[in-house]
Amino acid sequence: MLLEHQLGRGYIRAMEEALEMEGEEARRAFIDNALNHVTLLREHIFKEDNVLFRMAQAVISSEDNRKLVEEFESIELE
């Protein structure tokens with residue numbers, strides 16, 4: 001899954017580079033990389049929701065989970 005983060009950053013870099021170019025090739029490069037990034041994100045989030053988070057629930061105690069939720073909420077309020 002860490003590789004997917006690297007791939008995502010690569011797609012974003014390629015989109016940024018395409019924005020600095022002109023013409024049909026730049027447009028196509030941006031669209032291709034954007035579509036690849038969307039696909040990657042959908043697949044990555046699916047894995048998190050259906051594999052990673054389920055694995056975490058199996059090993060994290062309810063007390064640790066409660067603490068994590070509190071910490072996440074405090075960060076979101078900042």
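**Ground rules.** I'm working from a predicted model, where local features need pLDDT of at least 70, side-chain atom pairs count only at pLDDT 80 or more, and totals for chains, interfaces and linings use all residues. Numbering runs from 1 along each chain as its sequence is written, and side-chain values use heavy atoms, with hydrogens and water left out.

**Fold.** I looked up the secondary structure and got three helices and zero strands (DSSP runs, H or I of at least four residues for helices, E of at least two for strands, numbered from the N terminus). Along the sequence that reads α-α-α. The radius of gyration is 18 Å, well over the 12 Å from the globule rule for 78 residues, so the protein is more spread out than a compact globule (C-alpha atoms; the rule is 2.2 Å times the number of residues to the power 0.38). I also noted that the C-alpha trace spans about 55 × 30 × 15 Å along its principal axes.

**Surface.** Of the 78 residues, 13% count as buried (under 20% relative accessible area, 1.4 Å probe, protein chains only).

**Charges.** I have 9 positive and 18 negative charges, with mean positions 5 Å apart.

**His37.** I found His37 in helix 2, residues 24-59. His37 is buried at 14% relative accessible area. Leaving out residues up to four places away in sequence, His37 touches Gly8, Tyr11, Ile12 and Met15 (heavy atoms within 4.5 Å).

Methods:
Buried means under 20% relative accessible area, exposed over 50%, partly exposed in between (1.4 Å probe, protein chains only). Lys and Arg count as positive and Asp and Glu as negative; His and the chain ends are not counted. The place of a charge is taken as NZ of Lys, CZ of Arg, CG of Asp or CD of Glu.
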